[in-house]
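Subject: Handover of a structure and notes on its contents

Dear colleague,

Please find below the structure that I am handing over to you.

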Amino acid sequence: AHECQRVFQDRLVNEGDRSWFAELLKRCMEAHFKKQWRTVVKLEPLMFADFLETNQQYYQEVADHNHLSSILQNYLMDYNMAAKRKMELVLFLTAVQ
């Protein structure tokens, strides 16, 4: 589901189309996997990352968006301390996705 959202839903330009796609994804999950979206997806927007824990380098579902934002802020701070030219980024939720 996450990969479908990144490949298809991210390209949709208005909220109506994104809502339509989200409902389609939920119906497909129920039809093909016999699972309801709300029992599988605990937090929306659905995100995965492979850098949440340094000792576990595999993709994990992001269970806390604030924790993810904090990790990304730390990576950005580390980059800016080492780089000649800093990146002044604002990491709002859509950018984090």
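The notes that follow go through the findings by region.

This is a predicted model, in which local features need pLDDT of at least 70 and side-chain atom pairs count only at pLDDT 80 or more, while totals for chains, interfaces and linings use all residues. Residues are numbered from 1 along each chain as its sequence is written, and side-chain values use heavy atoms, with hydrogens and water left out.

Helix α4 and the cores

Helices (H or I, at least four residues) and strands (E, at least two) are DSSP runs, numbered from the N terminus. Helix α4 covers residues 65–82. At the N-terminal end, D64 caps α4, with a side-chain oxygen 3.0 Å from the backbone nitrogen of N66.

A residue is called buried under 20% relative accessible area, exposed over 50% and partly exposed in between, using a 1.4 Å probe and protein chains only. In α4 the buried residues are H65, L68, S69, I71, L72, L76 and N80. Among the elements that cover them are β1 (48–49) and α5 (93–96).

A nonpolar core is a set of buried Ala, Val, Leu, Ile, Met, Phe, Trp, Tyr and Cys residues joined through side-chain atoms within 4.5 Å. The largest such core has ten residues, namely M47, A49, L52, V62, L68, I71, L72, L76, L91 and V96. Helix α4 gives the most to this core, with four residues. Another core, of six residues, lies apart from it and includes F21, L25, M29 and L46. In soluble globular proteins, nonpolar side chains tend to be buried together.

Contact means heavy atoms within 4.5 Å. Not counting residues up to four places away in sequence, I71 touches F51 and L52.

Aromatic pairs

Rings of Phe, Tyr and Trp (its six-membered ring) pair if their centres lie within 6.5 Å; planes under 30 degrees apart count as stacked, over 60 as edge-to-face and the rest as tilted. The structure holds two aromatic pairs. F8 and F21 form a tilted pair, at 6.3 Å centre to centre and 45 degrees between the planes. This pair links F8, in the loop between α1 and α2, with F21 in helix α2, 13 residues apart. F8 is partly exposed at 48% relative accessible area, whereas F21 is buried at 10%.

F51 and Y75 form an edge-to-face pair, with 5.9 Å centre to centre and 75 degrees between the planes. F51 lies in the loop between β1 and β2 (60–61) and Y75 in helix α4, so the pair ties together parts that are 24 residues apart in sequence. F51 is partly exposed at 27%, and Y75 is partly exposed at 43%.

Individual residues

R6 sits in helix α1 (residues 2–7) and counts as buried, at 17% relative accessibility. Leaving aside neighbours within four places in sequence, R6 is in contact with R11, L46 and Q97.

K34 lies in the loop between α2 (15–33) and α3. Its phi is near 55 degrees, a positive value in a residue other than glycine, and K34 counts as exposed at 66% relative accessibility.

P45 is found in the loop between α3 (37–40) and β1. The peptide bond from E44 to P45 is cis, with omega near 0 degrees.

With kind regards

Key. Expected span 1.5 Å × (residues − 1). Polar contact = N/O pair within 3.5 Å; in protein donor to acceptor, adjacent residues only side chain to side chain.
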